[in-house]
Amino acid sequence: MTTASPTRTAGPSPRVTKALLIVALLGPLAVVLGMFGARFGVWSAEFGHRTMGLDAGLALSILGGLAGAGGAVIAWRGGQRLIGLALAAALIVNAAIYLWVAHERNALVANPPISQASSDWADRPSFSSEVMAQRRGAGAQPLLTRGDADWCPGLATVPRQAAPEEARAALEAANRQVLGVSPFRAEGQTSSFWYGFDQDVVIRIRPGATDVLVAGREDRADGGAACRTALAVADALAK
């Protein structure tokens, strides 16, 4: 008498888990392409950051996280250990992207929709003609003629005349490239690492007062980046 061998339940097709892995990688791919495209001039830094990073990155990280979580369980139960580990790793990466997007979006909501900061809006510091020529050549946004101290809480005039070398040191302490230093002015510049957002910085030196102006070149909401730069420079000057 022959006994029937127990039937085995077929595991998931490798095509299914591989398709889920592809979906799980779309979020990281969108963010990386946004960064590299901005850095190499394929598209604007704003498009790379806002559209591909914050918008596409948010949607695809949620979708990718679900695909990674579900796919990892399916692959692991089906004995596809390597794909299961890859899906689990993709889940972690998508979670990190989601947290980064949430942080960036919160910063945009919590700060005014500008990319400029000044310690003295009543008599705003000015850039040199050389820096202004660079800004015009780059198509930079115009400088604001009016502002509000509430846009950057804690930023205020340093109530003393800083020495030119102190101004240079303050720019360097804030990780800004020093463009030039004179007895009554010091200027610097920086470009953000990931997307290449440019900022110009000027320190105005007067008897009894030293002021700071930071102006991004892109007309955008920067999530408080200009304010943070201005505070870093002012704090270095105040020490």
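A residue is called buried when its relative accessible area is under 20%, exposed when it is over 50%, and partly exposed in between, with a 1.4 Å probe and protein chains only. By that definition cysteine 227 is buried, since its relative accessible area is 12%.

Before I continue, a word on the model. It is predicted, so local features need pLDDT of at least 70 and side-chain atom pairs count only at pLDDT 80 or more, while totals for chains, interfaces and linings use all residues. Residues are numbered from 1 along each chain as its sequence is written, and side-chain values use heavy atoms, leaving out hydrogens and water.

What is the partner of cysteine 227 in the disulfide? The partner is cysteine 152, and the two sulfur atoms lie 2.0 Å apart; a disulfide is a pair of cysteine sulfur atoms within 2.5 Å. The link is right-handed, with 80° about the S-S bond. Because cysteine 152 sits in the loop between α5 (129-137) and α6 (164-173), and cysteine 227 in helix α7 (residues 225-238), the pair ties together parts 75 residues apart in sequence. Helices here are DSSP runs of H or I with at least four residues, numbered from the N terminus. Cysteine 152 is also buried, at 4% relative accessibility. A search of the whole structure finds one disulfide.

Thank you for your attention.

How values were computed
Helices (H or I, at least four residues) and strands (E, at least two) are DSSP runs, numbered from the N terminus.
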